Amino acid sequence: MSGAVDLTALKERADAQRAAAQNSNRRAPQAEPVAGPGDENPAAPVTGGPAVIDVTDATFEVDVLERSTRQLVVVDLWATWCGPCKQLSPILESLAAQAGGAWVLAKVDVDANPGIAQAFRAQSIPMVIAIAQGQPVTAFQGVQPAGQVSAWIDDILAKVGHTFTGAAEAPADEPVIDERMAAADQLMNDGDFDGALAAYKTIAADEPANTEAASLVRNLEFMLRANAHDPSIVDTAAPGDVDAQLAAADVQLANQQPEAAFDRIIALVKVTSGDDRTTARTRLLELFELFDPAEPFVIAARRKLASALF
């Protein structure tokens, strides 16, 4: 699975914070590990921490990627409205509590943390992903009985358990905090997206090298624009209506359908000319910037755009 999922985007915020800090490493202290009962145990449990943790877009790197170098992390993508999630989550939580630290359950509310769901390309939930050494190793979707889930985890530990260090590291000094970024982050966390966008724009204008602020501006502008559209526009947009087609593409992209969104705008480029074609092309290029340029669907869409233009 690791070859199909790129978690780089989820690390962007933490990487930017470390680059601004005097000390290059920030890691939460872990309790001292204890050896398992005999050498036959493929993964020495990491004791002293909770069996179940709640993870957000902002904490994903430390709580999942970094932790997965020492301990298997099982990520549970769920939502409050998801009936099957309410059946599966208690099973996972019970198994995690019984595991004695051999693995930890990381719960992710996909509505509150869309970046994680997008990174895993989750098409439906519940979705459960096993993470080891910073990479997804395998996953399943839908409700599974406790015995089947337990066997799934045991099989993973048998294959990758020997790779975990189980070692705790001393905490590094606290990083230097960018007060303006912290204030803008707080506005976003408080739900004041317009205020956060204005703050990030100011920072990006004052600090051209601040790629994190620039990225947040792009993402917030898109989110606010997409949320303002009626979702039914996807079905009702007339083929030659530039504004309606661009709005429909926004909705599709917000619903984690980048290929469909890009194809819609490329089709618009093909049937328009002059200012309308320029508007469509410009919007598509803006949407490309929301993704890693190495994403296969971005590369494919750029080729299709070039073909449509020339």
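Is Phe262 buried or exposed, and what is its relative accessible area?

1. Confidence. The model is predicted, with a pLDDT that averages 82 for the protein. A score of at least 70 is reached by 81% of the residues. Residues 21-44 need caution in reading: pLDDT stays under 50 there, and the model has 47 contacts beyond four places in sequence for this stretch.

2. Phe262. This residue is buried, its relative accessible area being 1%; the cut-off for a buried residue is under 20%. Phe291 is likewise buried, at 12%.

3. Phe262 and Phe291. With planes at 90° and ring centres 6.0 Å apart, the two residues form an edge-to-face pair. Phe262 belongs to helix H11 (residues 258-271), whereas Phe291 sits in the loop between helix H12 (274-288) and helix H13 (296-309). The pair therefore ties together parts that are 29 residues apart in sequence.

4. Aromatic cluster. Phe262 and Phe291 are also members of a cluster, linked by ring pairs, that includes Phe288 and Phe297. The count of aromatic pairs comes to 6.

5. Phe140 and Trp152. Another of these pairs is edge-to-face, formed by Phe140 and Trp152 with 4.9 Å from centre to centre and 85° between the planes. Phe140 is in strand S5 (residues 135-141) and Trp152 in helix H5 (residues 146-160), so the pair links distant parts of the chain, 12 residues apart. Phe140 is buried at a relative accessible area of 12%, and Trp152 also counts as buried, at 16%.

Conventions: Residues are numbered from 1 along each chain as its sequence is written. This is a predicted model: local features need pLDDT of at least 70, side-chain atom pairs count only at pLDDT 80 or more; totals for chains, interfaces and linings use all residues. Side-chain values use heavy atoms; hydrogens and water are left out. pLDDT is the predictor's confidence in each residue, from 0 to 100. Contact means heavy atoms within 4.5 Å. Rings of Phe, Tyr and Trp (its six-membered ring) pair if their centres lie within 6.5 Å; planes under 30 degrees apart count as stacked, over 60 as edge-to-face and the rest as tilted. Helices (H or I, at least four residues) and strands (E, at least two) are DSSP runs, numbered from the N terminus. Buried means under 20% relative accessible area, exposed over 50%, partly exposed in between (1.4 Å probe, protein chains only).
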